[in-house]
Amino acid sequence: MYRPIFLRYLLIGGNKVTAFFKTLIKNKVMLFMVLPGALWFFFFSYMPLVGTIVAFKQYRFTREGFWASIVKSEWVGWDNFKFLFSTNDAYLITRNTLFYNLAFIIIGLVLSVAMAILLSELVGKKLAKVYQTGMFLPYFLSWVIVGYFAFSFLSMDRGMLNQVLGWFGVDAIQWYSEPKYWPYILIFVSLWKSIGYNSVVYLASIMGIDKSLYEAAMIDGASKWQQIKGITIPMLSPIIIIMTLLAVGRIFYADFGLFYQVPRDSGTLYAVTNVIDTYVYRGLKTTGEIGMSTAAGLYQSVVGFALVMISNFVVRKIDKDSALF
Amino acid sequence: MSKKRKSFSLLLVSLMALALVVSACGGNGNSATNNSSAGGNGKGEAPVNLIWYTIGTPQKDVDRVMEEVSKYTQEKINATITMKMVDWGDYQQKMQVNVASGEPMDILFTSAGGFDYVQNARKGAFMELDDLLEQYGKELKDTIDPAFLEGSKVDGHNYGVPANKELPQQEVWRFNKGLVDKYNLDITNVRSLDSIEPLLKTIKENEPTITTFAMDKNYVPYVPYDYVITNLPLAVKLDTTDYKIVNILETPEMKEALSTMRKYYQAGYVAPEAATTGSTSDLMTSGQWFMDRAQTQPSADNLWSASYGYPVVSTQASDAIITNTSVQGSIMAISANSEYPEKAMEFLNLLNTDPVLRNMVDSGIEGVHYKKLDDTHYENLAESKNYDMPSYSLGNNMLLYLNPSDADDKWEQFKQFNAEGVNSPILSFNFDSTKVATQMAAVQNVKEQFWSSLMTGTVDPESYLPKAIEKFKEAGLDQVMAEAQTQLDAWRAENNK
Amino acid sequence: MAEVIKKQRDFHQVSRGWNFILHLIAGIFSFMCVFPFLFVVIISLTDEKTLATDGYRLIPAKWSLEAYRFVFETGDTLLRSYGVTILVTVVGTILSLIMISLYSYAISRKSFPYRRFFSIFAIVTMLFNGGMIPTYMVVSQLLGLKDTLWALILPLAMNAFYIMILRTFYSTSVPEPIIESARIDGAGDFYIFLRIVLPLSLPGLATIGLFSTLGYWNDWFNALLYIDKPSLVPLQSMLMRIESSIAFIQQNSQNSSLSLTALQSIPQDTSRMAMVVLATLPIIFAYPFFQRYFVQGLTVGAVKE
């Protein structure tokens, strides 16, 4: 008996397909709810992901638009990555990105926890509130504004820092062309912006610790320091681990604003201020080689992914509950 | 489990299909608006709208003026114009991205320095114009000095319409005349970088708050070399006989210039933040500067004084040399993705031959932005500050009306200036970088790092120059140099130089 | 009894000397955080000429309001940028709240068969991204958003991290039985979300909303990439543009009484700082009120499923 092919297909595959559509219709309200978000992810996350293919192409523009140009551009394999590794650029930007982020994470953690404990021990809660509000301010400012702030201190002829140095008879320093100071400046500025916020977050969880624990410790004659070591820090550790993990997950992504706005895009400082994100941006700006810049971005994405997986794996080994996934 | 997975993938597929439909719609809507033309007054065929990207600080009245321009062009060639201005400092970068990403455009400004003409022509950013010029640009070809058309050929083809203007490039020292007069300074004997020192010293001592030697991060001290590739340190000496390409940083002239710059910087003649300064326009508007270096043309002083609102004088700092950079100093190209290349060429033809259109584009609306004094003279009105355009980038300069203070024979002077210019030894040699693209990108990165701070004297050349040279080598400058030398030798043999 | 407690408190507290030292440390750090802003305010109130000779001084030899006078004369430029920023912030925050709350609600519901798929669909974007250039291409070319306000709004509208936070919040603060009983009463999914889930999760939404507001208010990067039109420049981006040329605000002002010669007397450096001050003021006034929600945000997100 003769049947058109599509009917035959429907008979065979039909059950699955109808079942699929049935579930779809049954969940139409929920699907409708995820639709805007899913579309957003599709356009703003997944489409660019497909676009990274230009990292392997010598991108040349054609009339038909971006996607057609990608398809038609010549496949050059790993050539675009060569320029990244032909100089020590790749090493430099990777080192900078990792070094700064590590410094931010470690120093930031120690100082914020210390500041939180300090705040919790203050007598006179009114003043403590005032301090907190003050510390919180930098968190709300954009990097553009922080850049202006930094300039008011570091400007060579007008900045406050050089004036202060002048009082001590020290010669004015050209802050924006002396790379050796910038690791400290960048770490300082980053901590300045984030410690207030982080310490208040830690403070909130210190406040949540059961007071009877301290009372019991005091009855046992534990000193203040012993209480901090024995109670506060262990009780804080879950949130410390989570906050640190979140930061480690982003360790290969630098804060573009910090590294772009604060050093005022000064070329002499690139050796210590160039991170992967700024490198990609400048690459596009100066060479206009879309393929090469995308290659640098892809490198970041891949290594960043690997780092997240590794750190998650390590955490899983130590404490399964604290792992991200 | 597998059933579940299957339904996942089905879901993903349908999601993607939906997204594609949506994006297709979006895309259509988008291109429809781009093509839709203004007006539509039912005069036969709908007029074509041309999108024109040009360099300069965006002006408030651009849209208003373009409306007037469109009325005129619609009558003449049935096209309307949309002009998009991109600021000086952003032009290179924004256009790189706009062109690479296929932003809709028909006409765009390009030059040796701005949005590199030769490299981008080779990359396929511009349409090849040989036939279009023949077909729609006859008058234009007759008007423009053939040296420009010849000099802007890339591999034997024209990719743009050069502006008819000064042909050679001559550097001058510009002075804020108010200060020159106040301190009775003699600027007639000034020429070399060293010779300006006493002037700088006087001003620095007497006017400590004034920026003595104004410059932004693009400043490079003048040395008698011609650069083989714009913005890269490869150059050939102007009086060369052997056509040897050298690293400009290794030449004695540049070494000396850099230590002089360092001396000036340390003496406080140069603004401390010069190496990160994007533009000196604030200094120019406020008049808080004493001198700087600029490229000149006949009666340039008049032009500057009129534009700043206070007198500016200048004196020569170099010979007038015709180089690729000067010949390709201002070109209007038709974008490779233009929908209407024929109309675009018709427009360029009109712009370069029709004084009414050319002056409208340059000075705005008559009676609003400027006032005509007679057939060839005009005067800016107060509103002109809302439409202050750079003349050099907008086509044939010799059609422009004259300022009352201009000499009547200004354009004759131009012709003479052009005739007297001396050709650079490597005029019309265009480097093809495709073979060393990787090295070029790396070298450009190094340049970003060292160039501005060395050239402005911000860092000590004693220690930084060797470092920079070393880094350039690491990035592959030698390979680029060798490739350039090979090409130059071949070009030399071909042209019997 | 009361006395005993008091004594214990005293014992719990650090000693007087230590307390003083701790106050000193916290006070100094807190002051350091606020000081740069005060310094910039002082600079903006300095006389331009004094600034040129003396540099940035804590106590300038001569004060002046010139900078503010100039900024207000060209006030429409500043106002328009404020308008753009406020519009983008409001529309963006609302839009992102709607999208995020809907999405995370759906994937928090155990009865939704595709919850795993859509969770992963979101999480993957946290691990992998296309990077700056492909994103630029999609936004400018495929979606055609260049030089539109949408280019400032959409790229920041979603964030997998917020979705995860809110999903956790839903599953901890909205008890499943309530939803189930509503379901039995015949309520639809959307009704349940709107009438039961949303009111219960207001604190979580408020926190996400504030983070998102802050993100939009402080964004300059999208403007750097996508905005050329001077009339669409948001506040932060304008601060960047006047860094190289203060003339930017004049060029875009409708106030035509400013002549070229008047321009020559613009107090350039102090005006820049005045703009910084004016752009920061709303935040300075608003943030102490919202402070605690931001803390809440992290504590909310920290409670893992």
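Trainee: What is the mean pLDDT of chain A?

Mentor: This is a predicted model, in which local features need pLDDT of at least 70, side-chain atom pairs count only at pLDDT 80 or more, and totals for chains, interfaces and linings use all residues. Residues are numbered from 1 along each chain as its sequence is written, while chains are lettered from A and ligands numbered from 1 in the order in which they are written. pLDDT is the predictor's confidence in each residue, from 0 to 100. In chain A, 93% of the residues reach 70 or more, and the mean is 85.

Trainee: Which element of chain A has the highest mean pLDDT?

Mentor: Elements here are DSSP runs numbered from the N terminus: helices (H or I, at least four residues) and strands (E, at least two). In chain A the lowest mean, 67, belongs to helix 1 (residues 5–26). The highest, 95, belongs to helix 7 (residues 143–154) of chain A.

Trainee: How many residues of helix 14 of chain A are buried?

Mentor: Start with the cut-offs, using C-beta atoms placed from the backbone: a residue is buried if 20 or more other C-beta atoms lie within 10 Å of its own, exposed if 12 or fewer, and partly exposed in between. Helix 14 of chain A covers residues 276–287, and A:Tyr279, A:Arg282 and A:Leu284 are among its buried residues. The helix is mostly covered, and of its 12 residues the number buried is 10.

Trainee: Which helix of chain C packs against the buried residues of helix 14 of chain A?

Mentor: Those residues have neighbours in three chains.

Trainee: Which residue just after helix 14 of chain A takes a positive phi?

Mentor: Look at the position that follows the helix. The phi there is about 65 degrees, and the residue is A:Gly288.

Trainee: Which helix of chain C gives the most to the side that touches chain A?

Mentor: Two residues are in contact if their C-beta atoms, placed from the backbone, lie within 7 Å; 75 residues of chain C are in contact with 74 of chain A. Several helices of chain C each supply at least two residues, including helix 1 (2–12) and helix 17 (268–302). With 15 residues, the top contributor is helix 2 of chain C.

Trainee: How many charged residues does that side of chain C have?

Mentor: Ala, Val, Leu, Ile, Met, Phe, Trp, Tyr, Cys and Pro count as nonpolar, Asp, Glu, Lys and Arg as charged, and the others, Gly among them, as polar. The side of chain C that touches chain A has 53 nonpolar and 20 polar residues, and its charged residues number two.

Trainee: How far apart do the C-alpha centres of the two domains of chain C lie?

Mentor: An automatic or database assignment sets the domain bounds, giving domain 1 (12–65) and domain 2 (69–302) of chain C. The distance between their C-alpha centres is 31 Å.

Notes
Expected span 1.5 Å × (residues − 1).
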